[in-house]
Amino acid sequence: MGEDIRLLQTAASALNFSAGPADGLWGPKTRAGLQALRDAHQGRWGDPVLQIGRALIDLGYLAEGPLSRVWTPELDRALGALIAADGLPRSGAVIEVAPQPPGPVLRPGHGNQLFQGRAGHLVQLFVIHTAATPTGWVRGRSNAELFAEIRRWHLANGWRDIGYHGVIFPDGEILEGRAWGEIGAHVVGHNAGSLGYSMVPIRTITRMGAPEDFYTDATLSAMRGVIARACVRTPITRIAGHNEFAAKLCPGFLVRPEDWAPAGWA
Ligand SMILES: [Zn+2]
């Protein structure tokens with residue numbers, strides 16, 4: 001427990017909020033620092049946010065699940081509950097993501113089928129992601145270098161390769177990740193039988209917005225191209241955002257399938 005409080009203290013400090021010395025002890029300074037962070041989290045992003053999520057899971061305030069580098073409503077509520085309980089670990093129900101209704105079913109009109117993994121999962125789901133990288137992250141670096149960095153983050157999770165089937169950059173370039181016939185690591189509980197592509201934003205995502213708020217037109221049309229290819233290759237019946245499956249902002253907007261499906265599929 002002290003270790004989790006220490007994680008919160010160092011994360012707050014990394015985000016420029018003073019929560020007292022990183023001593024793992026809950027006191028007025030820690031409480032005030034975390035409260036100030038919670039009140040003004042806009043724009044806070046990155047590994048410290050990941051660390052806060054980890055600590056809130058360990059303390060029992062957040063359900064075990066994929067963690068995000070951006071501030072989510074669930075993280076916000078969980079931190080609020082911890083502050084209200086004065087840093088004590090929680091017993092009882094944890095904060096879960098509200099389930100969202102499934103999107104409309106698309107009607108593929110061909111017999112092509114793509115299967116993944118040894119068990120042969122039919123691919124029917126396409127998931128849109130964000131790389132959740134901050135404003136300016138892309139500056140001065142090639143897409144290949146950026147791709148390599150995302151891949152390193154994923155390897156650091158203990159994964160054998162980048163989790164996505166591809167990453168789409170602000171100039172519209174698509175760098176392919178895992179082969180389509182391989183099960184990815186991009187959406188917990190739905191990896192088997194899905195394709196996941198991630199878009200690199202040009203602005204830090206701190207709230208839900210519209211696709212144009214965070215991505216270039218080149219990125220968005222490249223994503224539509226990938227989805228059209230996928231729809232030809234296999235009967236995709238659902239095009240969704242990561243946030244329909246997890247407590248995340250990813251990809252930063254609500255995915256309306258009709259905005260993404262190729263003509264004739266809606
Ligand atoms: Zn995602």
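**Salt bridges, zinc site and sheet**

Student: Why does Asp 86 count as partly exposed?
Tutor: In this predicted model, Asp 86 has a relative accessibility of 38%. Partly exposed covers values between the 20% limit for buried and the 50% limit for exposed, so Asp 86 counts as partly exposed.

Student: What makes Arg 31 and Asp 86 a salt bridge?
Tutor: Their closest N and O atoms are 2.8 Å apart, and the cut-off is 4 Å. The pair therefore qualifies as a salt bridge. Arg 31 sits in helix α2 (residues 28-39) and Asp 86 in the loop between α4 (73-84) and β1 (115-116), 55 residues apart. Arg 31 is also partly exposed, at 34% relative accessible area.

Student: What separates Asp 58 and Arg 54 along helix α3?
Tutor: About one helical turn, because they are four residues apart in helix α3 (residues 47-58). Asp 58 is partly exposed at 43%, and Arg 54 is partly exposed at 31%.

Student: How many salt bridges does the structure hold?
Tutor: The structure holds eleven salt bridges.

Student: Which residues coordinate the zinc ion?
Tutor: His 129 (ND1), His 242 (ND1) and Cys 250 (SG) do, at 2.0 to 2.3 Å, and donor atoms must lie within 2.8 Å of the metal. His 129 lies in strand β3 and Cys 250 in the loop between β7 and α8 (257-260), so this pair ties together parts that are 121 residues apart in sequence. Both His 129 and Cys 250 are buried.

Student: Why are β5 and β7 called edge strands?
Tutor: The open sheet of five strands has the order β5-β4-β6-β3-β7, with mixed pairing. Strands β5 (174-176) and β7 (238-241) each pair on one side only.

Student: How do you know that β4 and β5 pair, and what is their direction?
Tutor: Three bridges join β4 (residues 166-168) to β5, and pairing needs at least two. The two strands run antiparallel, and Val 167 stands opposite Leu 175 in β5. Helix α5 (residues 143-156) lies across β4 and β5, at about 45° to β5.

Conventions. Residues numbered from 1 in each chain as written. Predicted model: local features only at pLDDT ≥ 70, side-chain atom pairs only at ≥ 80, totals over all residues. Heavy atoms only, no water. Contact = heavy atoms within 4.5 Å. Axes fitted to C-alpha atoms, helices over the stretch in contact; angles between N-to-C directions. Donors = N, O, S within 2.8 Å, 3.2 Å for Na, K, Ca; no water. Buried < 20%, exposed > 50% of the residue type's maximum accessible area, 1.4 Å probe, protein only. Salt bridge = Lys/Arg side-chain N within 4 Å of Asp/Glu carboxyl O.
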